[in-house]
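Please read the points below beside the sequence and the coordinates. They are meant as a colleague's note and go from the overall form to single residues.

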Amino acid sequence: MNYLRKRKNAFVYAFNGLFAAFRREAHLAIHLAAAVAVVLSAAWLGVSPNAWLVLLGCITLVFVAELFNTALEKLCDLVEPQKNETVRYIKDISAAAVLLCCLFSVIAGFVILGPPLYRHFF
């Protein structure tokens, strides 16, 4: 029973962290708005199951990258609250990882949603 309680607590802590991040981090709200737009567009256009997998995978990838970026930035600020060139470098690299995930996701979105949107409007 103790094992199951620990597993339940792990899920509770994870969801608490997720909800706290969405409440505190403006970038996550921006990503959420984009994700909602993509999901609504994909549903409206009736994309294939494989396309859904790619789109949902991209959405998840961006959220995970942003969560890791946020956690790393908070850790850096805790360890070294003063301006520090190494900390800046770490934060820049972490932000670059999010940027790459976002760029890949935008490209995937255009490849998947672009043609049906074009056919619908033109």
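1. Basis of the values. This is a predicted model, in which local features need pLDDT of at least 70 and side-chain atom pairs count only at pLDDT 80 or more, while totals for chains, interfaces and linings use all residues. Residues are numbered from 1 along each chain as its sequence is written, and side-chain values use heavy atoms, with hydrogens and water left out.

2. Overall form. The protein has four helices and zero strands, where helices (H or I, at least four residues) and strands (E, at least two) are DSSP runs numbered from the N terminus, and the pattern along the sequence is α-α-α-α. Its radius of gyration is 18 Å, whereas a compact globule of 122 residues would have one near 14 Å; the radius is taken over C-alpha atoms, and the globule rule is 2.2 Å times the number of residues to the power 0.38. The C-alpha trace spans about 55 × 50 × 20 Å along the principal axes.

3. Among contacts (heavy atoms within 4.5 Å) with a separation of 6 or more, 70% come from residues 24 or more positions apart.

4. Nonpolar cores. The largest nonpolar core consists of six residues, namely Ala42, Val47, Ala51, Leu55, Ile112 and Leu113, and at least two of its residues come from each of helix H3 (49-79) and helix H4 (85-121). Such a core is a set of buried Ala, Val, Leu, Ile, Met, Phe, Trp, Tyr and Cys residues joined through side-chain atoms within 4.5 Å. Apart from this core lies another one of five residues, including Ala21, Leu28, Ile59 and Phe63. With residues up to four places away in sequence not counted, alanine 42 touches Val47, Trp52, Leu55 and Leu113.

5. Helix H4. Where does H4 bend? The bend, of about 40°, is at leucine 113, and proline 115 follows within four residues; the angle is taken between axes fitted to the seven residues ending at a residue and the seven starting there. The buried residues of H4 are Val87, Ser94, Val98, Cys101, Ser105, Ala108, Gly109, Ile112, Leu113 and Pro116, and their cover includes helix H2 (26-45) and H3.

6. Aromatic pairs. The whole structure holds four aromatic pairs, counted when rings of Phe, Tyr and Trp (its six-membered ring) have centres within 6.5 Å, and classed as stacked for planes under 30 degrees apart, edge-to-face for over 60 and tilted for the rest. One of them, phenylalanine 15 with phenylalanine 19, is stacked, at 6.2 Å centre to centre and 25° between the planes. These two residues are separated by about one helical turn, because they are four residues apart in helix H1 (residues 2-24). Phenylalanine 15 is partly exposed at 45% relative accessibility, and phenylalanine 19 is partly exposed at 46%. The pair of tyrosine 118 and phenylalanine 122 is tilted, because its ring centres are 5.0 Å apart and its planes stand at 35°; both residues are exposed.

7. Alanine 65. Is alanine 65 buried or exposed? Alanine 65, which lies in helix H3, counts as buried because its relative accessibility is 14%. Leaving aside neighbours within four places in sequence, alanine 65 is in contact with Val98 and Cys101, while its C-alpha atom is 25 Å from that of glycine 114, 49 residues apart along the chain.

8. Leucine 117 and phenylalanine 121. Leucine 117, in helix H4, is partly exposed with a relative accessible area of 28%, and it touches Trp44 and Leu45 when residues up to four places away in sequence are not counted. Phenylalanine 121, found in helix H4, counts as exposed at 54% relative accessibility; its C-alpha atom is separated by 28 Å from that of cysteine 101, 20 residues apart along the chain.

Technical notes: Buried means under 20% relative accessible area, exposed over 50%, partly exposed in between (1.4 Å probe, protein chains only).
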